[in-house]
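Subject: Structure for you to look at

Dear colleague,

Here is the structure I said I would pass on. My notes follow below it.

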Amino acid sequence: MSSGWSWWVIGLIVLNLGVTFFLFLWAPRAKVPVLPDGTTGHVWAHGALREGMHRLPGWWIVASLALYFIGAGYLVLYPGFGKYKGTLGWTSGKELAAATAANDAKLDPVLKRLAAMSVEAVAADGQAQRLGERLFVDNCAACHGRAGLGNLVLGAPNLTDNDWLYGGTGQDITTSIHDGRSGVMPPWNALGEPTVKNLAQYVLSLSGQPHDAAAAAAGEPIFKSTCSACHGPEGKGNAQIGAPNLTDTIWLYGGTQAAIETSIRDGRQGHMPAWSPRLSDDEIHVLAGYVHHLSLGGNATAR
Amino acid sequence: MAYRHFEFIEKHAWTLGILTAVMVSLGGLAELLPTFVEAGSVRMSANARPYDPLRLAGRDVYVREGCYLCHSQMIRALRFETQRYGHFSTAEESAFDRPFQWGSKRTGPDLARVGGKYSDDWQRVHLMDPRALVPQSNMPAYPWLATAKVDGADVAARMRTLRKLHDPYTDADIAGAAKAVEGKTELDALVAYLQGLGIANEPQPAKTGAAGVAPVARSSP
């Protein structure tokens with residue numbers, strides 16, 4: 001703040017406190033002419049309301065005086081009187097730093113203790129589960145749902161079923177959270193709609209769902225030559241690149257014929273953002289433990 | 001001053017009103033006026049860029065739809081806010097916001113650093129049907145954004161106006177605006193704007209400025 005503005009603020013404070021303090025001292029001493037009936041003679045509503053004359057109550061005077069002392073004390077202790085910084089040296093930045101340090105002092109030992117443990121062990125730790133749940137609800141629940149059940153609209157995987165796109169070890173989960181994941185299934189509409197439909201029938205057959213056997217047979221060679229590059233010749237998927245297993249009953253975007261056709265025709269580019277550096281490595285470690293805990297049906301036990 | 005002076009003030013409504021206004025305005029004159037006048041001295045970092053055309057269109061959709069009524073873009077310097085949302089907001093981050101999107105009304109979460117927190121798809125689906133993703137959400141759906149096209153000529157006109165207000169758009173920026181938003185819907189624009197919040201379009205705090213100001217939101221445990 002420039003010294004010009006500093007003096008501006010000081011002037012306004014002095015003016016404000018000066019005027020009100022003058023009135024506080026002087027007004028009770030002002031001689032108010034009182035009529036014989038005890039009123040000031042001011043009337044409203046054609047005399048139905050008349051202004052009486054009473055002294056200010058003692059508590060009001062004391063309370064007002066106290067406010068002047070409190071105000072003066074505040075201006076001495078805290079910044080406010082122009083450029084003057086106050087004897088306490090208070091700033092919002094220092095208060096934030098102190099509050100953060102106080103919180104860190106409580107949290108750091110916990111995070112440090114958990115950081116030394118494996119993700120699998122963190123999953124079984126009660127304190128880590130409570131911490132992880134807070135982090136999960138604030139950061140992960142938007143896509144995976146509060147209970148971690150996933151979301152077919154987004155293709156956000158269910159985290160409670162112990163079926164993994166990119167692997168389910170502690171390290172795999174940590175990597176998924178830390179760096180994010182991007183699905184890269186290209187659109188296959190160029191193959192033509194009949195081929196897309198045949199492929200969908202073949203995919204249905206892989207997981208043993210009702211399907212048109214003739215169409216599936218027609219789709220099979222295309223699958224073997226094209227889709228198998230990622231999903232494998234048997235459609236069992238590939239955790240290296242996050243290609244889903246097509247032979248089970250777990251579906252990212254739904255396992256109906258229509259959903260599968262859409263997936264093939266338009267492709268899928270599900271994207272999980274990287275959580276580093278939004279979350280610290282220690283927080284990601286705790287979250288990985290929580291996700292592992294969820295995948296075991298919420299009943300993780302130490303190995 | 002004698003009693004008759006008070007009596008005069010008390011009995012003349014205009015005098016009473018004006019003197020009351022003078023006393024009430026003192027606080028504002030002390031707290032608001034200096035920062036208003038000195039606002040021009042807020043220094044932007046060297047890599048600060050104004051909104052690109054698509055994000056500018058998105059920003060205007062954000063304002064038009066009243067997103068600010070439920071979402072603030074101001075992370076306060078309080079531990080429980082910085083822990084959840086990241087580094088507190090700084091003045092220069094809003095240098096290109098007219099009007100600024102601060103506020104204290106949070107029916108939904110603060111959005112100052114929401115960019116990149118969720119995927120583009122998430123933002124898209126969430127704007128079309130919030131409860132498809134967050135069953136507990138009470139946010140309204142904005143399905144019309146998906147069909148409304150962004151008008152390139154209109155965006156260019158807005159950029160010319162903002163340049164009059166000293167936003168550093170070049171002639172090339174403005175000439176390229178129509179192409180940059182060609183075929184884009186308001187939903188595309190709003191998603192681009194949201195995905196840039198706290199990341200792409202806001203000036204990075206100067207490294208030499210306030211100590212400890214990190215350019216990217218980082219939650220401290």
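A:Ala45 sits in the loop between β1 (39-44) and β2 (49-52) of chain A; helices (H or I, at least four residues) and strands (E, at least two) are DSSP runs, numbered from the N terminus. The model is predicted, so local features need pLDDT of at least 70 and side-chain atom pairs count only at pLDDT 80 or more, while totals for chains, interfaces and linings use all residues. Residues are numbered from 1 along each chain as its sequence is written, and chains are lettered from A and ligands numbered from 1 in the order in which they are written.

Backbone exceptions

Most residues other than glycine have a negative phi, and most peptide bonds are trans. The phi of A:Ala45 is positive, near 50°. A:Ala45 is exposed, with 7 other C-beta atoms within 10 Å; a residue is buried if 20 or more other C-beta atoms lie within 10 Å of its own, exposed if 12 or fewer, and partly exposed in between, with C-beta atoms placed from the backbone. A:Asn162, not a glycine either, has a positive phi of about 60°. Its loop runs between α5 (126-144) and α6 (170-179) of chain A, and A:Asn162 is exposed, with 12 other C-beta atoms within 10 Å.

Two peptide bonds are worth checking. The bond between A:Ser276 and A:Pro277 is cis, with omega about 10°, and A:Pro277 belongs to the loop between β4 (271-272) and α10 (281-295) of chain A. In chain B, the bond from B:Arg98 to B:Pro99 is cis, with omega near -5°; B:Pro99 lies in the loop between α5 (79-85) and α6 (120-128) of chain B.

Helix α8 of chain A

What happens along α8(A)? There is a kink of about 55° centred on A:Phe223, where the bend at a residue is the angle between axes fitted to the seven residues ending there and the seven starting there. A:Gly219, A:Phe223, A:Cys227 and A:His231 are buried in α8(A). An α-helix has 3.6 residues a turn, so residues three or four places apart point the same way. The cover over the buried residues of α8(A) includes α7 (193-206) of chain A. Just after α8(A), A:Gly232 has a positive phi of about 85°.

Where the chains meet

35 residues of chain A are in contact with 28 residues of chain B, contact being C-beta atoms, placed from the backbone, within 7 Å. On the chain A side, α1 (3-26), α3 (92-115), α5, β4 and α10 each give two or more residues. The most come from α3(A), with 9 residues.

Cores

The largest nonpolar core has 32 residues, and B:Ala57, B:Val155, B:Ala189, B:Leu190 and B:Leu194 have the most contacts inside it; such a core is a set of buried Ala, Val, Leu, Ile, Met, Phe, Trp, Tyr and Cys residues joined through C-beta atoms within 7 Å. α4 (53-64), α7 (152-164) and α10 (186-196) of chain B each supply at least two residues of this core, and α10(B) gives the most, with 7 residues. Another core, apart from this one, has 28 residues, including A:Phe136 and A:Tyr290.

Regards

Technical notes:
Contact = placed C-beta atoms within 7 Å.
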